[in-house]
Amino acid sequence: MATRKLSPEELQAVTRLAKQWGKIVVKHAFGEQGPGLDVDFAQMEEVASAAARGLTEGALEAATVQQGQLLGEKQPCPQCGKLCAVGSEERPLRVKGGVVLLCEPNCYCPTCRRDFFPSASGVEAGRARLQSDDDVSHPVYDGRSEIA
């Protein structure tokens, strides 16, 4: 699948797909006949917002789990180089569409007695990176608290 930034055309195709799912959401929320005349636009918007949150959460949770699996079962300790088992820890992460439960890959090196996160260490060429190429020395903020 995609290993690069999606083109505007590819993103538009994703939008069209999500729009089709919107029609399914309306059927589930209001039945086969759709919303009755007693349903106002604010109620319809509430359903659409709930669907958008769910779509955002589901897409990001699935994508990060799949990306984390690309790390394999073991990663080298950044200090001693010993191969250590890759586990994961769930943590909430605030995103544009709500809060996502991120399964963050993590490792423990019994030799060095330290935890490390393979996404933040130097991953070999061609392997998944769970962060951007931006300078990781600067913490990420959500406007309320430090995330990094």
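**The core and its surroundings**

The mean pLDDT (the predictor's confidence in each residue, from 0 to 100) of the protein chain is 81, and 78% of the residues score at least 70. This is a predicted model, in which local features need pLDDT of at least 70 and side-chain atom pairs count only at pLDDT 80 or more, while totals for chains, interfaces and linings use all residues. Residues are numbered from 1 along each chain as its sequence is written, and side-chain values use heavy atoms, with hydrogens and water left out.

Now to your core: its five residues are Cys77, Cys84, Cys107, Cys109 and Phe116. A nonpolar core here is a set of buried Ala, Val, Leu, Ile, Met, Phe, Trp, Tyr and Cys residues joined through side-chain atoms within 4.5 Å. Buried means under 20% relative accessible area, exposed over 50%, and partly exposed in between (1.4 Å probe, protein chains only). Of the 148 residues in the protein chain, 14% count as buried.

Leaving out residues up to four places away in sequence, Cys109 touches Cys77, Cys80, Cys84, Arg114 and Phe116, where contact means heavy atoms within 4.5 Å.

Helices (H or I, at least four residues) and strands (E, at least two) are DSSP runs, numbered from the N terminus. Strand β3 (residues 98-109) has the lowest confidence of these elements, with a mean of 88, and helix α1 (residues 8-30) has the highest, at 95. Over residues 120-148 the pLDDT is below 50, although this stretch has 35 contacts in the model beyond near neighbours in sequence. Where pLDDT is low, the predicted coordinates should not be read in detail.

Helix α2 is worth a stop too, as Glu61 sits there. With a relative accessible area of 28%, Glu61 is partly exposed. Apart from neighbours within four places in sequence, Glu61 is in contact with Val100 and Leu101. Across the protein chain, 42% of the contacts between residues at least 6 apart in sequence join residues at least 24 apart.
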